[in-house]
Amino acid sequence: MSYARITGTGGYLPKKVLKNKDLESLLDTTDEWIYTRTGIRQRHIAADNEFTCDLAEQAARIALDAAQRTPDEVDLIVVATTTPDQVFPSTACLLQERLGIHGCPAFDVQAVCAGFIYAMDVAQRYIQTGASRCALVVGAETFSRILDWSDRSTCVLFGDGAGAMVLESSSEPGILSSHLHADGAYKDLLCVPVGVSTAYRELLNGQAYTEMQGREVFKWAVSALGDAVMEAVKANGLSCLDIDWLVPHQANIRIINAIARRLDLSMDNVVVTIGRHGNTSAASIPLAFDEAVRDGRIKDGQTIIIEGFGGGFTWGSLLFKF
Ligand code: UT7
């Protein structure tokens, strides 16, 4: 069995920036509340005529360039998204068409903010078994479309964006472990409570918004993500001292700080983008990873953990050599 190695990364953020200060005139909120409770200063918002696949395409092309691969070399496309352009075809198929790729498997994965971890897990299994040699894995969201912009407890938290990675088969490590979890018992704590089967008309009228019991989700996220990172470290016979970078899902700086403290990891070894991006759901991990690769923080051969937590609940971690 071969390893799956990341050979290229890309990220894309829509041009429009919405600052906390801008929200002060729309909602009963303050820049100070949002920043101290979440670490967020601003988020990017897709233009009215810009959709998830548009963001995904930009990130994917940048990642393919970085991997020095052309689209025709891609033999698997997995897109993690909660905000697909259409009910069907999947955003992965729409992306496949944009890139001019024909015939390879292409499908979406839905695990909300843990979606990118799930997508990477699937893609690396294709590669390990020899079913794929060059996979394009994308996390892309226009989460702003499923927010109630009059609900200050949720709308200030999220943003839009896309991140992508090219995963290739290699005799060198590679992804070393992947641990995924879910527990549907918590389905009501973080959700958009309607969907195609239950309320298609309401969806069309724009009533499908994110709801969250923030405090409960917060506690769960800290505990589950800490466990998921420890699970990865132990499964590889490592200690936290062996981790060069933690690239966490960017939901709240206080969650990230709590996990770093629990792992005894300095914040100097944690990639944080939440201040500028907000929570971009499935896109947050690959966006943060790409940024740290491009600015030279993350280097070849380093040991990295990525982790994510989302509605479901869903959560997990991946440990790899870059
Ligand atoms: O990505 C998926 C995973 N998502 C997460 O992990 C998010 C987890 N949860 C959180 O990050 C935090 O719970 C929040 C950021 C959502 C909320 O922070 P909190 O410290 O848990 O605040 P809270 O919900 O307990 O609210 C405290 C107060 C409330 O007022 P009262 O009831 O104490 O008078 C809220 O109404 O803050 C109020 N509040 C706000 N005030 C100003 C809530 N949202 C806002 C706001 N501006 N935007």
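**Helices and loops, question by question**

Trainee: Is Cys53 buried or exposed?
Mentor: Buried means under 20% relative accessible area, exposed over 50%, and partly exposed in between (1.4 Å probe, protein chains only). Cys53 has a relative accessibility of 0%, so the word for Cys53 is buried.

Trainee: What kind of model is this?
Mentor: Residues are numbered from 1 along each chain as its sequence is written, and side-chain values use heavy atoms, with hydrogens and water left out. Local features need pLDDT of at least 70, side-chain atom pairs count only at pLDDT 80 or more, and totals for chains, interfaces and linings use all residues: this is a predicted model.

Trainee: Which helix holds Cys53?
Mentor: Helices (H or I, at least four residues) and strands (E, at least two) are DSSP runs, numbered from the N terminus. Cys53 sits in helix α3.

Trainee: Which residues does Cys53 contact, leaving aside its neighbours within four places in sequence?
Mentor: Contact means heavy atoms within 4.5 Å. With those neighbours set aside, the partners of Cys53 are Asp85, Thr91, Leu94, Leu95 and Arg98.

Trainee: What word describes how α3 lies to α4?
Mentor: Helix α3 (residues 52-66) packs with helix α4 (residues 91-99) at about 55 degrees, their axes 10 Å apart. Angles under 35 degrees count as roughly parallel, over 145 as roughly antiparallel, 65 to 115 as roughly perpendicular and the rest as oblique. Therefore α3 is to α4 oblique.

Trainee: Where is Gln68, and is it buried or exposed?
Mentor: Gln68 is in the loop between α3 and β4. Its phi is near 55 degrees, which is positive although Gln68 is a residue other than glycine. Because its relative accessibility is 70%, Gln68 counts as exposed.

Trainee: Val112 also has a positive phi; is Val112 buried or exposed?
Mentor: Val112 lies in the loop between β5 (106-109) and α5 (115-128), and its phi is near 50 degrees. Its relative accessible area is 17%, so Val112 is buried.

Trainee: What is omega for the cis peptide bond between Phe88 and Pro89?
Mentor: Look for Pro89 in the loop between β4 (76-80) and α4. The bond joining Phe88 to Pro89 is cis, and its omega is about -5 degrees.

Trainee: How far apart are the end C-alpha atoms of helix α8?
Mentor: The expected span of a helix is 1.5 Å times one less than its number of residues. Helix α8 (residues 214-235) has 22 residues, so it should span 32 Å. In agreement with this, its end C-alpha atoms are apart by 31 Å.

Conventions:
Axes fitted to C-alpha atoms, helices over the stretch in contact; angles between N-to-C directions.
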